[in-house]
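The sequence and model should be kept in view while reading.

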Amino acid sequence: MESKDRLAVDIGGTFVDSIMFDRETGEINVEKASTTPDQPEKGVLNAKDKVGADLAETEAFVHGTTLGINAFLEREGARTGIVTNEGFRDVFEIGRTNVERESMYDIRYKKPEQIVPRRRRIGVPGRIDANGDVSEPLDEDAVREAARELVDDHDVESIAICFLHSYRNGEHERQAGEIIREEVPDVSLSLSSDITGEYREYERTSTAVLDAYIKPIFENYVDRLDGALREDGFDGSFFITRSGGGTLTAENATTAPVHTILSGPAGGLIGASHVGDVTDRDNLIAVDMGGTSLDACVIENGAPAVEYDSTLGHMPMMIPVYDIRTIGAGGGSIAWHDGEFLKVGPKSAGADPGPICYGRGGTEPTVTDAAVALGYMDPAAFLGGDMDLNQTGALEGIEEKLADPLEMSVDEAARGVFDVTLANTVGAIREITVEKGLDPRDFTMVSYGGAGSLFVPLLAREIGADEVLIPQAPSVFSAWGMLMADVVYDMAQTSITVLDELDYEAFDAQFADLEEEGAQTLGDEGFTGDERTLERFVEMRYLGQEHTVEVDANDVESLDELGERFEARHETRYGHTMDDPPEVVHLRVRAIGENDKPSIEAQEPTDDPTVEPVDTREAYCFAEREKTTFDVYERAQLQPGHEVPGPAIVQEPTTTIVYHSDQTAEIDEYGHILISQED
């Protein structure tokens with residue numbers, strides 16, 4: 001019998017979210033289980049069991065994981081070495097000599113410690129020139145000696161190979177890889193030419209090093225999880241979400257795991273884009289607030305902002321990545337003081353022990369504890385009643401650690417935790433809107449994540465956004481977004497040519513080669529015919545500029561038309577055009593294999609817009625700056641057409657939605673809650 005279910009699981013800092021979609025009935029089930037940091041696959045399997053998934057009936061399993069980024073941030077990746085050209089072993093450390101923005105004027109600044117020290121970077125003779133021609137043969141004996149030295153003398157577990165101009169010709173990298181595999185077969189390898197086809201030797205080296213640093217950990221995790229799923233009867237496709245949107249097969253993900261380093265947040269942006277498309281909202285600010293962090297990204301004209309030159313910590317990544325701003329502001333963020341001022345984060349209580357109110361041994365007050373103190377959460381209804389919250393412990397913890405030392409009441413301290421979190425968050429939103437010439441008042445905020453609906457309506461008040469959209473099951477929305485993801489692969493090639501000197505037929509032929517590669521990759525995944533889409537993009541700049549803008553090159557019939565599109569894009573981004581000649585820098589093809597997706601069906605609105613609350617509760621209203629009576633509703637009772645004025649608390653099994661007395665909500669035809677600011 002043909003499998004009919006699709007299962008998505010997203011690992012967060014505190015909880016693992018799972019969602020199961022029955023293709024025959026359209027039914028969707030959602031659940032949450034605790035994250036298990038020491039054995040991440042255990043939390044995934046627990047979430048799978050909790051949602052009631054029958055793996056024998058499951059055609060696809062889609063997974064989002066923070067394993068890679070956590071390994072880097074916690075410096076728990078593999079012991080890594082570098083093999084590069086002789087004389088260029090220090091490229092990785094020299095970098096671009098620039099200083100991080102926040103340390104630009106710090107005279108005491110020191111560069112962060114490199115994850116690959118100089119003794120584990122070895123240069124070997126051999127050279128390919130800028131045209132891709134071999135000017136000096138690769139010294140195979142030197143490669144063997146380098147491999148043995150890295151393993152025997154430095155206990156290296158993973159090796160990054162990055163040679164000059166391998167974006168033009170990866171022959172020497174492939175040759176070195178074959179030699180190293182023969183010499184030290186147990187070591188993981190990452191070749192820069194397998195990851196990116198773009199120039200800039202430092203950025204390519206950094207990207208290959210990041211890939212090598214997380215590769216053994218990622219491979220072992222995926223192998224363990226895949227084995228456990230297969231033992232439980234799973235015989236379908238296993239996908240991992242990509243940092244720049246879409247998914248790729250688990251097998252291809254282990255080949256270049258750097259593409260999954262921001263896997264978790266990507267699912268929510270895929271889902272938010274789909275919701276925007278269905279509801280005719282092209283401009284969104286997606287805000288995912290979970291247990292440990294808050295992620296925010298702009299979706300403009302229906303597409304999330306993508307970067308091709310992003311950074312992780314101090315290290316550049318030359319891969320497509322959603323332009324996400326992340327700050328340490330989640331439900332588990334710890335509130336503390338420096339003797340004078342109240343502060344929140346970035347340290348988190350995580351999943352174990354978690355906030356004080358979880359009753360698992362946590363002793364530091366968190367944002368979640370403050371929410372309990374402010375009256376927003378029902379201690380007996382957390383996770384649908386599966387977990388009782390220790391309200392007394394939360395209040396006592398806030399009193400002991402915050403209120404008494406700062407000489408304020410418990411209510412004032414809890415309110416202060418929200419005020420400080422709000423101030424931290426506003427800065428992140430301004431970075432991706434105001435500082436890029438965008439007015440947040442022109443955008444709808446999409447709120448999701450376990451703590452998002454508790455906090456984002458308050459954030460919208462602060463930045464002036466007129467509307468907040470809270471989708472169905474917001475606490476597992478990133479997992480839901482993963483169900484909406486197609487299989488995506490990106491192909492790129494650097495080809496720096498002034499537009500006036502470009503031959504259109506040669507230009508089109510370069511794209512055709514990339515499209516052939518993309519079509520072949522999708523064909524290997526089983527996508528054929530109308531299931532495949534190939535999209536063209538070009539990165540361009542004016543001659544003499546450093547940075548580029550991405551230009552849609554689909555259906556371009558002439559180079560003049562491409563130039564016009566570039567100038568229009570440049571003027572939109574920077575507010576002006578220039579007289580200098582345009583220059584093509586990179587050609588990109590995005591290959592998309594279309595998956596089956598759950599559909600969102602519109603419903604007829606109710607004739608009566610009024611709905612009665614199930615309860616009332618004393619809670620803190622930020623519009624009135626005091627505690628007042630909130631009406632309490634169950635999300636399940638709210639139907640399309642209902643109007644629900646604030647202040648109100650809307651409960652659902654896996655999250656709580658809070659909005660204030662100067663806000664009101666209505667339910668749209670898809671069951672989304674739309675919260676707007678009253679005049």
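## Terms and basis

A residue is called buried when its relative accessible area is under 20%, exposed when it is over 50%, and partly exposed in between (1.4 Å probe, protein chains only). The model is predicted, so local features need pLDDT of at least 70 and side-chain atom pairs count only at pLDDT 80 or more, while totals for chains, interfaces and linings use all residues. Residues are numbered from 1 along each chain as its sequence is written, and side-chain values use heavy atoms, with hydrogens and water left out.

## Positive phi angles in loops

Arg625 has a positive phi of about 55° although it is not a glycine. With a relative accessibility of 41%, Arg625 is partly exposed. Arg625 belongs to the loop between strand S29 (615-621) and strand S30 (626-634); helices (H or I, at least four residues) and strands (E, at least two) are DSSP runs, numbered from the N terminus.

Ala473, also not a glycine, has a positive phi near 45°. The loop between strand S24 (467-470) and helix H14 holds Ala473, and this residue is buried, at 18% relative accessibility.

## The second largest pocket

Ala473 is also one of the lining residues closest to the centre of the second largest pocket, together with Ile28, Val30, Gln472 and Tyr670. A pocket is found on a 1 Å grid over the protein atoms alone: it is an open set of points where a 1.4 Å probe fits, with protein on both sides within 12 Å along at least five of seven lines, and lining residues have an atom within 4 Å of a point. The volume of this pocket is about 940 Å³, taken as the space filled by probe spheres set on the points, which are joined across faces, edges and corners.

Strand S3 gives the largest share of the lining, five residues. The lining comprises 18 nonpolar, eleven polar and eight charged residues; here Ala, Val, Leu, Ile, Met, Phe, Trp, Tyr, Cys and Pro count as nonpolar, Asp, Glu, Lys and Arg as charged, and the others, Gly among them, as polar.

## Helix H1

Helix H1 (residues 40-50) has Pro40, Glu41, Gly43, Val44, Ala47 and Lys48 as its buried residues. They lie on the same side of H1, because they cover an arc of only 160° around the axis, judged by the directions from the helix axis to the C-beta atoms. An α-helix has 3.6 residues a turn, so residues three or four places apart point the same way.

The elements against which the buried residues of H1 pack include strand S1 (5-11), helix H2 (67-73) and helix H7 (201-231), where contact means heavy atoms within 4.5 Å. Gly52, which follows H1, has a positive phi near 80°.

A nonpolar core is a set of buried Ala, Val, Leu, Ile, Met, Phe, Trp, Tyr and Cys residues joined through side-chain atoms within 4.5 Å. In the largest core, of 76 residues, Phe61, Phe238 and Leu562 touch the most other members. A second, separate core has 73 residues, including Leu294 and Phe418.

Pro582 lies in strand S28 (residues 582-593) and is buried, at 13% relative accessibility. Beyond four places in sequence, its contacts include Leu499, Met540 and Phe566.

## Cis peptide bonds

Gly345 and Pro346 are joined by a cis peptide bond, with omega about 0°. Another cis bond links Gly646 and Pro647, with omega about 5°.
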